[in-house]
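I am opening a notebook on this structure. The entries below record what I looked up, one topic at a time.

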Amino acid sequence: MAGLESIDAPGDHAGHVVIVGAGLGGLRTAESLRRIGHTGPITLIGAEKHHPYDRPPLSKDVLRGDRPVVPLRQLGSYAELDLDLRLGVTAVSVNTEGKSVALDDGSDVGYDALVVATGAVPRQLPIFSQASNVHVLRTLDDADRLRGELVEGNRLAVIGAGFIGCEAAASARAMGVEVVLIELLPAPLSRVLGTQVGEQIAALHASHGVDVRTATSVTEAKGTSRIERLVLSDGSEVAVDVVLVGLGVTPSTEWLVGSGIELGNGVHCDSGGRTSAAGVYAVGDLACWEHPISGAKTRTEHWTSAVEQAEVVAHNIISDSSGPSSAEGRDHAAVPYVWSDQYDLKIQVVGYPSPDDDVQLLTVGKFNRTLALYSREGKFTAAVGMSTAAAVMKLRALLQGAQDGSATLEDAIALVTPAPPAS
Ligand SMILES: Cc1cc2nc3c(=O)[nH]c(=O)nc-3n(C[C@H](O)[C@H](O)[C@H](O)COP(=O)(O)OP(=O)(O)OC[C@H]3O[C@@H](n4cnc5c(N)ncnc54)[C@H](O)[C@@H]3O)c2cc1C
């Protein structure tokens, strides 16, 4: 193939590892590979021009302007990873038979193992077309652009009260911006956490001066180069200076279409991150991994999962290429965990909450913080805590140790409720 750069790595079974996507999952895979002793070449390809940075602060301190960026690794320490780091370059296709990736600069990179870590892109609302005051929030450049419009006294409409919409709303309030939070469902975050907890989050935002509009959607946007008013399905109109669309993301898999890699809800993987193509792995927001015990296929858009999957994949790249005598491959069986900072609360979610679960609300700790326990037919499934870190971590351990579903709601309650004093 013209321009193909193939790197021979005698003595290193895993050979040349190419990682596409220089975000959290991609960088952590490279770091794990080096940590466990991979000495062969690693190429890390990223579409953004920035060195890898952390995304969670983009809706929190970076959006508020408290910090310019949070790097995932200090610039001075890249040399020790010995990477061929290609920033500002996009992978456009992959040839899984010839084992090469085509880049938008016209070159091809051959691989022995390929890690797909291209994350996800925010959904847009077509009715906004090219309006200059309509934003999404995924990248550092997005956060910089949005911050430029979050001027005290301005009115921000956040469309979609998921994690990122809610966090951006909280950050904007801290900046003195008027906020209207618009959600199609009956309560913020209720698609994931159900209505009971969602209503608590609605009350939290309302108590900080957010105009929370639920069970309604945007039907029309008025304005030309900038949106000035939104018409909602309940017939009301909202004047706006700036709009944030927070309607979730879709996995960045376009460049894999036609490659033979099985796609569906992202990139389908076994419980060790292997895709349907030999030598190709996937980690992070786009990766839909099979659970080693339940067999369920889940795509998790959380920071912790990307880090854990990266470590499993690095290990499996080495063990898969080392032949039958090698150490066994690893599975990823960790219980999902996500946190969200809104105002002075750290909301933490562990497990697999479903809006259909039964929810029991407890108050725990000396500040009487809310802890929601989720269960299905008496089986404990998930917990959501509002600044109740110690309790949430105990419950995560309970779920982790009972992945066959054997933990009950009573077990969970007993774990977080102090025993009555002995009489
Ligand atoms: C604003 C925001 C706040 C968040 N807050 C939290 C939080 O509080 N808690 C939590 O648990 N999680 C949070 N997350 C989620 C967490 O950041 C993600 O789960 C994590 O970043 C996923 O890592 P990733 O490597 O899969 O994808 P990403 O970090 O998105 O990295 C993918 C990279 O691949 C690049 N890329 C895409 N296509 C190509 C291509 N064809 N060629 C080359 N490069 C490509 C992209 O430009 C990107 O840099 C937040 C996310 C965002 C956006």
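Which residue takes a positive phi in the hairpin of β24 and β25? I found Y343, with a phi near 55°, in a hairpin that has two residues between the strands.

Before going on, I note that this is a predicted model, in which local features need pLDDT of at least 70 and side-chain atom pairs count only at pLDDT 80 or more, while totals for chains, interfaces and linings use all residues. Residues are numbered from 1 along each chain as its sequence is written, and side-chain values use heavy atoms, with hydrogens and water left out.

I looked at how β24 meets strand β25 (residues 345-351): they run antiparallel, joined by six bridges. Strands here are DSSP runs of E with at least two residues, helices are runs of H or I with at least four, and both are numbered from the N terminus. Two strands pair if DSSP finds at least two bridges between them. Opposite Y337 I found V350 in β25.

**Open sheet.** I traced a mixed, open sheet of four strands in the order β19-β20-β22-β23. Its edges are β19 (263-264) and β23 (297-299); each has a single partner strand, so one side of each is left without a neighbour in the sheet. I then checked β23 against strand β22 (residues 287-290), and the two pair in the antiparallel sense over three bridges. W289 has T298 in β23 as its bridge partner.

I used a 1 Å grid over the protein atoms alone: a cavity is a set of points where a 1.4 Å probe fits but cannot get out, a pocket is an open set with protein on both sides within 12 Å along at least five of seven lines, and lining residues have an atom within 4 Å of a point. Grid points are joined across faces, edges and corners, and a volume is the space filled by probe spheres set on the points. The count came to one cavity of 30 Å³ or more. The largest cavity holds about 130 Å³ of space. Among its lining residues are W289, T298, H332 and Y352. At least two lining residues come from β22, and at least two from α6 (303-320).

**Second largest pocket.** I noted about 410 Å³ of space in this pocket. Of its 17 lining residues, Y352, F380, T381, Q403 and G405 lie nearest the centre. Strand β28 (residues 379-386) gives the most to the lining, with three residues.

**Ligand.** I counted 32 residues around the ligand, with E48, R55, K60, R138 and D285 coming nearest; a residue is near if one of its heavy atoms lies within 4 Å. α1 (24-35), β3 (42-46), α4 (163-174) and β24 (337-342) each supply at least two residues of this shell. For polar contacts I took pairs of N or O atoms within 3.5 Å. A nitrogen atom of the ligand is 3.0 Å from a polar backbone atom of A47. An oxygen atom of the ligand is 2.6 Å from a side-chain N or O atom of R138, and an oxygen atom of the ligand is 2.6 Å from one in the side chain of D285. The protein covers 93% of the 1000 Å² of accessible area that the ligand has on its own, by the Shrake-Rupley method with a 1.4 Å probe.

Definitions and conventions
Polar contact = N/O pair within 3.5 Å; in protein donor to acceptor, adjacent residues only side chain to side chain.
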